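Subject: Model for your review

Hello,

Please find the structure below. My notes on it follow.

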Amino acid sequence: MGIEIHHVKKSFGSFTALEDISLSVPSGGLTALLGPSGSGKTTLLRILGGQEEPDAGSVHLAGRDVTRLPAQQRNIGFVFQHYAAFTHMSVTKNVAFGLEVRKTPKAQVRRRVQELLELVQLERLGDRLPAQLSGGQRQRMALARALAVDPSVLLLDEPFGALDAKVRKELRDWLRQLHEEVHVTSVFVTHDQEEALEVADTVVVMNQGRIEQVGTPEEIYDHPASDFVFGFIGEVTRFGGLRLRPHNLEVTLDPESGSHPGRITRLARIGFEVRLEVLLDSGPDSLGDSHPPVHVQLSRTESQALDLQQGDGIWIRPRAAAGVREAEILRVGAER
Amino acid sequence: MPTSALNTPAPGTDAAPGRLRSRFRSTPRSRRRRRSTLTRPAGLALGISVLWFSLLVMIPLALLLISSVEDGWSTFWDTLTNVQTANAIRLTLVSALAVTAVNLVMGLLIAWVLVRDRFPGRWLIELMIDIPFALPSLVAGLVLLSLYGPESPLGINVLGTPASVFLALLFVTLPFVVRTVQPVLGELDRDVERAAHSLGASRATTVRRIILPALTPALAAGATLCFARGVGEFGALVILTGNRPNISEGAPMRIQSYIEVDNTAAAATVAVLLLATALAATLLVEILTSKERPR
């Protein structure tokens, strides 16, 4: 059950949007399709939603072959980035739309709409027009509208993309909670790795029409399957021939084994986090002569303990444990 | 009496263009009342606008109203009950209404094709839509006469029949609905239709429940313009209809005839009636469409 995608291909003219996608999404899960723009994630979602037809391959939703089925008959809920609200209808009417189209008895529609408005915390705003709602409220309305028809699959296209940072954060938490209550198989598209890692229980990383990796957020972050995933999923900096996460670099005031001297050219404090740009003193070793500044992330406590200031001379080295291993894998990958 | 005549038309005529404009934008904001936000330059601009509007529209209109009743109400009444005049007015109103109805359908269809479809020669249609706008309406009459006149290659001759009025109005009002609907249709978010589809709505249901309501203000604006133009059209009728009294003579022709015999009061009476009908239509459409939208 859930969603089964077999060898789906799609091109637009000479542009290959999806190369050969096979993916199995478990029933009841919350899955993120993550990738940069042009990676094919939205095309894949639209194929699931029946808004695009694949050139080849098949799509099964909840055990049913829907490859050639129009959107109307797929029993899906679709949430759009820009809400796609029915602007001339009240919030209540928007949510009721799918049920009314299905000729559900009036009393039942009223009950179900009430239920959903409570679920998305809009029960007091039922008489408003979408234009009288904030962006976050509009997207919650859109979600209620999509859920009203008891879809077998809920598809969300960059659902928080049009919202400002704070509302985005709230809605993310809220979507996670909602999913725990409703448990409908859900797939959402995002280009924001933080969003994917935070909200989803399965992350599908896509790039150039292909799936790079499928895994839990931890697997994706800790064991990236490719150079691309490593680079896309979190920040990366170069330390000589190595690529690693900025927080996997250790800063000391005195030389340690494996460390290199450098100077702090920029120090920025972002809340609890301190970001350094360090220009390494060039040496005869493997680090080479010309190199961009190395980015280092420290906690504020660490930075204060060392009393770091812009212009200070320091020593940096990769931390023991995960960082080094990752870096070595990727060094091989990069030279391939 | 002249004073009351002066007072009555002013608010009505003032309101009509404002309402029309507000419908184009279709925001309720323009109706909100603001009192003391006028800065000095804005006050000056408003003053100039009102003066301009008065000189060009309001005062002439008021004088027209006065002249329609200056020979007394009996002349006013006699003019309207004159059989030939009444027939002309009826023909004009019926034709304008029919043309408006046809244009609502055809205009929507043409706008739809222009906005939603990409095909070779689209630019040509786009250009041709405006020809009725661009042509002097006398020329419009000539153009129609060549195809639907006595020498019609199709064998259809409307000259001197009531159908000629309908046809002439159809031609000159063609662009209105197309041009009011087209931009609104173009701005419609396609995702809204996709959302309706995903909720199980068929194409027909989506058009009826989602697209048409969104287009209603634009359709209403187009219909109003269309009707008003239809009621007032003169040039095309002169050429195409043959002006046969009681059969193919339109109301504007009656105005012309009255002026020719120097019966200004009668001419003004017909003019006032046409004006009142057009304004009433505008108001009616406004009331109907604002009711349709929930608060």
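In chain B, 76% of the contacts (heavy atoms within 4.5 Å) between residues at least 6 apart in sequence join residues at least 24 apart. This is a predicted model, in which local features need pLDDT of at least 70 and side-chain atom pairs count only at pLDDT 80 or more, while totals for chains, interfaces and linings use all residues. Residues are numbered from 1 along each chain as its sequence is written, chains are lettered from A and ligands numbered from 1 in the order written, and side-chain values use heavy atoms, without hydrogens and water.

Chain B has 14 helices and 0 strands; helices are DSSP runs of H or I with at least four residues, strands runs of E with at least two, numbered from the N terminus. Of its 295 residues, 40% are buried, meaning under 20% relative accessible area with a 1.4 Å probe, protein chains only.

The largest nonpolar core has 44 residues, and A:V95, A:L143 and A:L154 have the most contacts inside it. Such a core is a set of buried Ala, Val, Leu, Ile, Met, Phe, Trp, Tyr and Cys residues joined through side-chain atoms within 4.5 Å. Helix α4 of chain A (residues 135-147) gives the most to this core, with 6 residues. A second, separate core of 36 residues includes A:V25, A:L33, B:A195 and B:I210.

Chain A also has an open sheet of 5 strands in the order β13-β17-β14-β15-β16, with antiparallel pairing; strands pair if DSSP finds at least two bridges between them. Its edge strands are β13 (249-252) and β16 (294-299). Strand β15 (273-280) is joined to β16 by 6 bridges, and A:V274 has A:L298 as its bridge partner in β16.

Regards

Note on methods
Buried means under 20% relative accessible area, exposed over 50%, partly exposed in between (1.4 Å probe, protein chains only).
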